[in-house]
Amino acid sequence: MIKFLDLEKINNRFRGEMDARIKDVLDSGWYLSGKWNDEFAKHFAEFCGTKHAVGVANGLDAINLIIRGYGFGIGDEIIVPANTYIATILAISENGCTPVLVEPDINTYNIDPEKIEEKITSRTKAIIVVHLYGQAVQMAKIWELAKKYNLKVIEDAAQAHGAMYNGKRVGNLGDAAAFSFYPGKNLGALGDAGGVTTNDTELFEKVHAIANYGSDYKYHHIYKGVNSRLDEIQAALLDVKLPYLDTDNTRRREIAKYYRENITNPKIILPKTYDENAHVWHVFAVRCENRDELCKYLNDNGVQTNIHYPTPPHKQGAYNEWNNQSFPITEEIHHTIMSLPMSPVMTDDEVKQIVDLVNKF
């Protein structure tokens with residue numbers, strides 16, 4: 001069986017360094033907010049090209065904390081892609097804000113910048129862009145709208161560690177960015193983990209404090225905060241893996257290139273990219289009218305697949321007030337999308353086997 005994502009194989013490459021780092025944390029007796037949080041935040045900010053980074057508990061918290069840090073709340077609207085994982089929208093709702101859904105571009109699956117302006121009102125405070133599947137959103141129009149209407153630009157970069165746009169990395173394309181380091185991400189921890197990057201020092205200090213019970217220093221609380229801290233072991237392990245991220249992303253690009261050049265089955269709609277060297281291929285998502293049949297066929301022939309995602313947010317029970325709304329491009333994507341195996345530890349033989357099977361479907 002070719003696994004969709006072999007996390008054991010991915011992380012075993014770093015086993016010696018990870019064992020040493022875990023021992024260091026254990027021996028230190030300091031398990032939260034210690035030196036490895038500081039080191040990883042410093043290195044990740046340098047990687048993204050930002051002034052600041054802070055580790056938090058998970059990716060959902062990262063978005064939530066940015067929205068809280070900016071003080072957005074009841075009556076405020078935040079524009080968000082209709083085609084995203086529900087966490088992006090949950091963070092908006094959790095702060096009492098109103099999510100305003102915008103359709104994606106059918107070619108990139110990211111928010112369509114040309115469809116945003118018609119959704120902006122006097123209550124709009126921010127645009128959240130989601131760099132879905134590892135491809136950065138086309139940001140030029142987003143920046144233009146943000147300047148025109150005085151809006152914040154928040155990046156959901158949970159699937160795009162290391163992706164680029166016009167020579168800059170995601171995490172440094174807006175006012176602030178949220179990252180998930182969930183184990184399956186391009187840069188994955190060994191448990192839940194997240195982070196925020198920004199060049200806004202005031203926001204950084206607020207997020208840092210709100211995530212630590214609203215405290216700027218011990219037993220002194222200036223905000224009604226939460227407990228959302230990156231634990232020391234996860235920070236230490238992420239710091240081990242970060243130097244290898246660009247190499248891993250290069251391997252993902254090689255696999256994606258082979259898929260795109262050699263999958264010739266007319267039933268398969270391949271993903272499009274505007275820059276081969278900027279996409280980091282968190283997942284390799286294709287579309288197929290007979291999606292469920294294709295998934296079963298591949299699984300029966302020893303290839304695991306996944307669906308990112310089967311049901312769009314506006315059709316979920318959590319947002320039943322939206323269930324009668326129509327977002328036809330989003331719905332088309334969710335009805336036909338499926339993901340082929342993609343990871344930096346896949347062999348050339350495995351990739352070729354998958355391509356041969358897809359072409360025979």
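Glu17, Met18, Arg21, Ile22 and Val25 of helix α2 touch Glu232, Ile233, Ala236, Leu237, Asp239, Val240 and Lys241 of helix α8, where contact stands for heavy atoms within 4.5 Å. Sorted by class, this contact of α2 with α8 comes out at seven nonpolar, no polar and five charged residues; Ala, Val, Leu, Ile, Met, Phe, Trp, Tyr, Cys and Pro are taken as nonpolar, Asp, Glu, Lys and Arg as charged, and the others, Gly among them, as polar. The model is a predicted one, with local features needing pLDDT of at least 70, side-chain atom pairs counting only at pLDDT 80 or more, and totals for chains, interfaces and linings using all residues. Numbering runs from 1 along each chain as its sequence is written, and side-chain values use heavy atoms, leaving out hydrogens and water.

Helices (H or I, at least four residues) and strands (E, at least two) are DSSP runs, numbered from the N terminus. As for geometry, α2 (residues 15-28) and α8 (residues 232-241) pack at about 150°, and their axes are 9 Å apart. That angle makes α2 roughly antiparallel to α8, the cut-off for this being over 145 degrees. Axes here are lines fitted to C-alpha atoms, for helices over the stretch in contact, with angles from 0 to 180 degrees between N-to-C directions.

Next comes helix α6 (residues 140-149), whose buried residues are Lys141, Ile142, Leu145 and Ala146; buried is under 20% relative accessible area, exposed over 50% and partly exposed in between (1.4 Å probe, protein chains only). Those four span an arc of only 135° around the axis, which means that they sit on the same side of α6, the arc being that of the directions from the helix axis to the C-beta atoms. Lys147 and Lys148, on the other side of α6, are exposed. The cover over the buried residues of α6 includes β4 (124-130) and β5 (152-156).

Helix α11 (residues 328-336) buries Thr330, Glu331, Ile333, His334 and Thr336. Its buried residues pack against β12 (284-287), α10 (291-300) and β13 (337-340).

Most residues other than glycine have a negative phi, and most peptide bonds are trans. Tyrosine 109, in the loop between β3 (98-102) and β4, has a positive phi of about 75° and is buried at 3% relative accessibility. Asparagine 166, in the loop between β6 (164-165) and β7 (168-169), has a positive phi near 50°, but is exposed at 65%. The peptide bond from histidine 308 to tyrosine 309 is cis, with omega near 10°; tyrosine 309 belongs to the loop between α10 and α11.

Key:
Angles under 35 degrees count as roughly parallel, over 145 as roughly antiparallel, 65 to 115 as roughly perpendicular and the rest as oblique.
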